[in-house]
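Here is a short tour for anyone who likes to have the numbers beside the picture. Have a look at the model first, then read on.

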Amino acid sequence: METLNFILELIAVLTGIVGVWYAKKENILVYPYGVISVVIWVYLCLIGELYGQSIVNFFYFIMNVFGWYNWSRKKEDQSNAVVITKNNAIQNLYTLIAIVVLTVLLYVVLANFQKISEFDFVIALESLITAMNFVSMWLMAWKKLENWLLWIIADIMCIPLFFDKAYYISVVQFAVFIVIAVLGYIEWKKQLVRS
């Protein structure tokens, strides 16, 4: 079983890295690679008892399907195409509120699911990461520049969480994700300035 889980983790990591690389390039292939990666991660997180991460990966599956659709819908005049934009101040406030509300809701759900009666830091961290990932994925589907900043922060926070569960390849994956996310932010910001 450990060998199978290792192989699955390796496939999930590699397809995840390839997918994020395609996101950096603003290439729609981010989504088919993302689907493969997240389906495997749902399973791995369930058996690793990272229920919040399992939930977020299921949400990623839904958002990969939505993003795939959203990025591919274009009319001949390009008026319906999704293009890189930046949040305004109100949208950033909504983003922050969404993260806070989702963190609290996820914490309550995860604490009840795991029958925790007192505050648990790991569940709180997992709830925050999960909330940030939900919002990041939504922003990416709409090609919002800020998605990269949230990915960077969430990926940094994932490193100790996955290290604690002995998903060491994933720790390397998150380090690679951080680098790609920084490069993605820089590349998307350049494209935004040009348009």
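Glu26 sits in the loop between helix H1 (2–24) and helix H2 (30–47). In this predicted model, Glu26 is not a glycine, yet its phi is positive, at about 55°. Most residues other than glycine have a negative phi.

Lys143 has a relative accessible area of 7%, so it is buried.

Helix H1 is the element that Glu26 follows. With 23 residues at 1.5 Å a residue, H1 should span 33 Å, and its end C-alpha atoms are 32 Å apart, which agrees. Which residues of H1 are buried? They are Asn5, Leu8, Glu9, Ala12, Val13, Thr15, Gly16, Gly19, Val20, Ala23 and Lys24. The cover over these buried residues includes H2, H5, H6 and H7. As background for reading such a list, an α-helix has 3.6 residues a turn, so residues three or four places apart point the same way.

Helix H7, one of the elements covering H1, runs over residues 168–194. Its 27 residues reach 39 Å from the first C-alpha to the last, close to the 39 Å expected at 1.5 Å a residue.

Next comes helix H4, which covers residues 89–113 and holds Thr103. Thr103 has 16% relative accessibility, so it counts as buried. Leaving aside neighbours within four places in sequence, Thr103 is in contact with Ser127, Leu128 and Ala131. Val101 is also found in H4. With a relative accessible area of 42%, Val101 is partly exposed. How far apart are the C-alpha atoms of Val101 and Ala131? They are separated by 8.3 Å, although the two residues are 30 apart along the chain.

| Residue | Relative accessibility | Class |
|---|---|---|
| Val101 | 42% | partly exposed |
| Thr103 | 16% | buried |
| Lys143 | 7% | buried |

Now for the chain as a whole. The protein chain has seven helices and zero strands, giving the pattern α-α-α-α-α-α-α along the sequence. A compact globule of 195 residues would have a radius of gyration near 16 Å, and the protein chain agrees with that at 17 Å. Its C-alpha trace spans about 55 × 40 × 25 Å along the principal axes.

Of the 195 residues, 47% count as buried. Among contacts between residues at least 6 apart in sequence, 73% join residues at least 24 apart.

The accessible surface of the protein chain comes to about 10,300 Å², and carbon and sulfur atoms account for 71% of that area. As for charge, there are 13 positive and 13 negative side chains, and the centres of the two sets lie 14 Å apart.

Note on methods. Residues are numbered from 1 along each chain as its sequence is written. This is a predicted model: local features need pLDDT of at least 70, side-chain atom pairs count only at pLDDT 80 or more; totals for chains, interfaces and linings use all residues. Side-chain values use heavy atoms; hydrogens and water are left out. Helices (H or I, at least four residues) and strands (E, at least two) are DSSP runs, numbered from the N terminus. The expected span of a helix is 1.5 Å times one less than its number of residues. The radius of gyration is taken over C-alpha atoms; the globule rule is 2.2 Å times the number of residues to the power 0.38. Buried means under 20% relative accessible area, exposed over 50%, partly exposed in between (1.4 Å probe, protein chains only). Contact means heavy atoms within 4.5 Å. Accessible areas come from the Shrake-Rupley method with a 1.4 Å probe; for residues, only the protein chains shown count as cover. Lys and Arg count as positive and Asp and Glu as negative; His and the chain ends are not counted. The place of a charge is taken as NZ of Lys, CZ of Arg, CG of Asp or CD of Glu.
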